[in-house]
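This report concerns selected helix, core and strand features of the structure shown below.

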Amino acid sequence: MKSVRAALDAPTVPESMPLLEVRDLAMTFRGGVRAVDGVGFEVAQGETLGLVGESGCGKSTTGRMIVRLLEPTSGTVHLNGQDITHLSQRELLPLRGTMQMIFQDPFSSLNPRHTVNQIVAGPRRVLGRDQVIELLERVGLAPEHADRFPHEFSGGQAQRVGIARALANGPKLIVCDEAVSALDVSIRAQIINLLSDLQEERGLAYLFIAHDLSIVRHVCTRVAVMYLGRIVEIGPAASLYSDPAHPYTRALLSAVPVADPKIEAVRERIVLRGDPPSPAAPPPGCSFHPRCALAQRRCESEAPQLREVRGRKVACHYAETSA
Amino acid sequence: MAGLVVVLTLVLLAALAPVITAWTGWAPETFDKTAIDPNMGGLPKGAWGGIDTEHLLGVEPVTGRDVLSRILYGGRISLLIAMLATAITVVTGLVLGLLAGFLGGWADTMISRITDLLMSFPSLIFMIAILSVVRDVNRIVLLVAVLSIFGWTVVARIVRGQVLTIKHREYVEAARVGGGMTGYILVKEILPGLTAPILVYATQAVPAYVGAEAALSFLGVGVRPPTPSWGQMINNARGWFMTDPVYLAVPCAFLGLTVLACTLLGDGLRDAFDPKAVRS
């Protein structure tokens, strides 16, 4: 654990500078699919930003560009004030300790032919065996698990191995790409608790990617909602949940069931019509207008920009009226 | 397990051929006029192709050469050619398949087109043509070369396909995020996933090449006399199978046994290399 602690004690950036700063990030895949189209946000040290949206909205692509598994078509990614947008794999090496990733599928993200010890120590063997065991114990596994292979674990245990691997380098930022979506509901809560404990203990920042607003609610300080490669609403979690300003956020929130059956029976539910449009041919104007209940003539021609509405940023022409 | 035992036995027998023939006293080229009957057109004396304590697997008609000795020396040639050809095809196919699958782009296009070209070639006709045209060359080297030229394409295809699926697995991305460079990812993350299909292919390629060598020698373009080989013996025995069926049966049995044992070994290896098969 020594190296992990050492990384924490290392000189940190000035308070004013965000740990991660993403500006106008865009990714166009071959064939003209604009998976991500001008996304910008910041993640401060020790905070959790949720990134939510339907599958195919570009949230995973955004996460992969930030850890530089993909090279963005345009825009910039700054980590600790350093521009990492176009660094080569070799130049990224020193930064691999600062940002890490936890993957969606705990099994496909662990090499079936490597032992847990090999997996957690990582390609650069940053940890010795004792440190690996210490880390395994911290994430709720036993020392003897170090010599086992991934297929001998349950989904929750495998995801703990994935978390231990992400922690090995002593990171400041962890991109959690649907890190709990593949897990059973009961195990999901345990993993989320583990992630929040680790955050408190090590001052981690999370970019928490999920398709489900209910998961994000418990862990996030701020939430960004993505639709078709753009952020449609971004703001503090509390106000976004209690008073969503974008019609798409409201639709997503209304899909979250409420535990109280009395409220559940009478609450209003917004059902979105149709599928999200293809990012290869986004509709003109506001890309949400074909599915939006509030859409006016203006929405078909003029794309709304993000602007301040009730203490957060919303990309909707009628955000004020739609309360 | 049975496959492994039989394969090891065959390899050992072939390797120890000089020792065994020294012990039996009959070298592959030694004629034994006493074992054949000149009045019967050179048929071996006695039933079962002349099998007795002197010649354990009988003798060759007309010449009286010891069949056991010729089988052992023929097995040396057959197994040597098959193993060399397998080694060359696996290494070539592995390297080219890895490059094609991992690099993609123009490297993939080049390698895949060459693969397609060689695979669509009528390889048997081409082999026969080359082997019968080229004269004063070491036949063994030539056979290995010709078999390898057409053999690596299958390995390259298997490897390329596997690399394409493995390269997009999340654990490869995880290794990248963990700071793994291209060399590490190829050797430690991708290559282990290829061992099982390659070993299975290799254990099937060895008997296939034994068969191919036998076929080419049978057609008279492979190993030339006096060097013995199984295919050549089967070819010789063709003319005698009505009067001396044992002379045909012995090399056929060895060929069949080798192919069967290698196939069983391949199955066993595949199980052994599957991490999920051994649960502790």
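A residue is called buried here if 20 or more other C-beta atoms lie within 10 Å of its own. The model is predicted, and the values that follow are computed from it.

In chain B, helix H11 covers residues 245-273, a run of 29 residues. From first to last C-alpha, H11(B) reaches 42 Å, close to the 42 Å expected at 1.5 Å a residue. Its buried residues are B:Tyr247, B:Val250, B:Pro251, B:Phe254, B:Leu255, B:Thr258, B:Ala261, B:Cys262 and B:Leu265. These residues pack against four helices of chain B, namely H1 (2-15), H3 (67-103), H9 (195-218) and H10 (230-237).

The largest nonpolar core comprises 148 residues. H3(B) supplies the largest share of this core, 14 residues. Among the residues with the most contacts inside the core are A:Val120, A:Leu207 and B:Tyr209; A:Phe208 also belongs to that group. Beyond its neighbours within four places in sequence, A:Phe208 is in contact with residues including A:Leu49, A:Leu51, A:Cys176 and A:Val216.

| Strand pair | Sense | Bridges |
|---|---|---|
| S1(A) and S2(A) (residues 33-43) | antiparallel | 8 bridges |
| S1(A) and S4(A) (residues 74-79) | antiparallel | 5 bridges |

A:Glu21 takes part in both pairings: A:Glu42 stands opposite it in S2(A), and A:His78 is its bridge partner in S4(A). S1(A) and S2(A) form a hairpin with 3 residues between them. In the turn, A:Gly31 has a positive phi of about 95°.

Notes
Residues are numbered from 1 along each chain as its sequence is written. Chains are lettered from A and ligands numbered from 1 in the order in which they are written. This is a predicted model: local features need pLDDT of at least 70, side-chain atom pairs count only at pLDDT 80 or more; totals for chains, interfaces and linings use all residues. Helices (H or I, at least four residues) and strands (E, at least two) are DSSP runs, numbered from the N terminus. The expected span of a helix is 1.5 Å times one less than its number of residues. A residue is buried if 20 or more other C-beta atoms lie within 10 Å of its own, exposed if 12 or fewer, and partly exposed in between; C-beta atoms are placed from the backbone. Two residues are in contact if their C-beta atoms, placed from the backbone, lie within 7 Å. A nonpolar core is a set of buried Ala, Val, Leu, Ile, Met, Phe, Trp, Tyr and Cys residues joined through C-beta atoms within 7 Å. Two strands pair if DSSP finds at least two bridges between them.
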